[in-house]
Amino acid sequence: TEPDSASVSAFSAVAYQFALNLQQELGVPVGILQSAYGGTQVQAWMGSLTLNRFPELAGHPVPEKITKNTPTVLFNAMIHPILGYGIKGAIWYQGEGNRATADRYADWFTGMVNGWRLRWNQGDFPFYYAQIAPFKYDGKHQSAYLREAQLKAAGLLKNAGMAVTMDVGSEQTIHPPDKTTVAERLSNLALAETYRRKRGEVQGPVVKRTTINGSKARIYFNHVAEGLTDFGRGLTAFEVAGDDHIFYPAQAHIVDKHSIEVSSEHVDHPVSVRYAFKDWVEGDLFNSEGLPASSFRTDNW
């Protein structure tokens with residue numbers, strides 16, 4: 001189907017704008033296949049060969065009622081039929097359905113991606129994905145742990161990248177309206193890393209290491225471009241804790257191009273720092289390219 005007002009209105013806005021950005025930059029026709037189902041879990045998108053690698057998912061009897069989240073059902077119905085198409089790569093935006101299993105998501109998601117690559121038989125094709133955006137959930141199953149798992153997966157997968165969305169979420173809707181920013185970040189990843197177009201930095205700041213000096217913690221970052229910035233708004237999403245594991249709002253300021261210093265008058269000897277580690281939060285840490293840092297923590301409590 002050629003894009004027109006009718007077909008585009010029923011299509012993923014992120015996927016359409018991603019393809020449009022590629023076409024305008026590359027000057028060639030770009031085709032895009034949409035396979036999407038809202039509110040789903042990653043295990044529904046796994047093939048059986050992948051599922052069987054995870055004992056906690058495999059071996060269960062087929063339920064009497066098949067739902068969208070029955071393991072393998074969406075792979076069988078919505079991925080298997082398009083395996084015969086030659087593709088350049090894939091983009092992905094999912095995760096909320098796995099908030100209750102965030103501790104396993106990085107492994108499951110990595111397994112799903114590698115399973116798709118195996119079945120498509122086109123090598124390690126590019127796989128770019130959007131981190132779930134902040135949203136005011138019901139208070140159960142803190143979504144920051146799922147975002148953490150998605151960040152971890154970026155380091156486990158070959159030829160993959162993640163677009164961070166900490167600054168474009170919505171407190172009132174799980175479907176934030178700013179699709180254009182998400183599409184631009186995904187398409188810039190693809191243009192830089194798959195098509196080798198000059199783009200500068202295409203990833204947000206990522207924690208490199210942390211040091212403690214007295215009552216102050218210092219955090220060093222990669223992917224800062226020309227330097228870290230809060231665009232003059234101040235850093236308000238940091239917290240710090242001592243040996244008692246109680247977190248307090250922290251004073252944080254940018255020390256230099258690569259690092260931030262964090263402290264709290266309530267914590268004499270910090271042992272952990274967390275940034276934006278909540279369901280709903282507006283990220284305020286960026287690099288000079290305007291790309292936000294993911295929520296993160298330096299502990300594993």
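Predicted model: local features only at pLDDT ≥ 70, side-chain atom pairs only at ≥ 80, totals over all residues.

Trainee: How do strands β9 and β10 run, and which residue stands opposite Q251?

Mentor: Strand β9 covers residues 251-254 and strand β10 covers residues 259-263, and the two run antiparallel, joined by four bridges. Within this pairing, the residue of β10 that stands opposite Q251 is S263.

Trainee: Which strands stand at the edges of the open sheet, and why is one side of each left without a neighbour?

Mentor: The open sheet is formed by four strands with antiparallel pairing, in the order β8-β7-β11-β13. Each edge strand has a single partner strand, so one side of each is left without a neighbour in the sheet, and these edge strands are β8 (247-249) and β13 (296-297).

Trainee: Which residue of β11 stands opposite F238?

Mentor: Strand β7, residues 238-241, runs antiparallel to strand β11, residues 272-275, and four bridges join them. In β11, the residue opposite F238 is Y275.

Trainee: F238 is also listed for the largest nonpolar core; which helix gives the most to this core?

Mentor: That core has 59 residues, and those with the most contacts inside it are W92, F109, M112, W116, F127 and F238. With nine residues, the helix that gives the most to the core is α5 (residues 102-120).

Trainee: Where do the buried residues of α2 fall when seen down its axis?

Mentor: Helix α2 has 14 residues and reaches 20 Å from its first C-alpha to its last, close to the 20 Å expected. Its buried residues are V14, A15, F18, A19, L22 and L26. Seen down the axis of α2, they line one face of the helix because they fall within an arc of 130°.

Trainee: Is A19 buried or exposed, and which residues does it touch beyond four places in sequence?

Mentor: A19 lies in helix α2 and has a relative accessible area of 8%, which is under the 20% cut-off, so A19 is buried. The C-alpha atoms of A19 and P29, 10 residues apart along the chain, are separated by 9.2 Å. Not counting residues up to four places away in sequence, the residues that A19 touches are V30 and I32.

Trainee: Which elements do the buried residues of α7 pack against?

Mentor: Helix α7, residues 179-193, has 15 residues and reaches 21 Å from its first C-alpha to its last, close to the 21 Å expected. Its buried residues include V182, L186, L189 and A190. The buried residues of α2 pack against β1 (90-92) and α7, while those of α7 pack against α2 (13-26), β2 (127-130) and β3 (160-163).

Trainee: Which residue caps the N-terminal end of α7?

Mentor: The cap is identified from a side-chain oxygen that lies 3.3 Å from the backbone nitrogen of T180. The residue that provides this oxygen is D178.

Note on methods
Residues numbered from 1 in each chain as written. Heavy atoms only, no water. Expected span 1.5 Å × (residues − 1). Buried < 20%, exposed > 50% of the residue type's maximum accessible area, 1.4 Å probe, protein only. Contact = heavy atoms within 4.5 Å. Polar contact = N/O pair within 3.5 Å; in protein donor to acceptor, adjacent residues only side chain to side chain. Pairing = 2+ DSSP bridges. Arc of directions from axis to C-beta. Core = buried A, V, L, I, M, F, W, Y, C linked by side-chain atoms within 4.5 Å.
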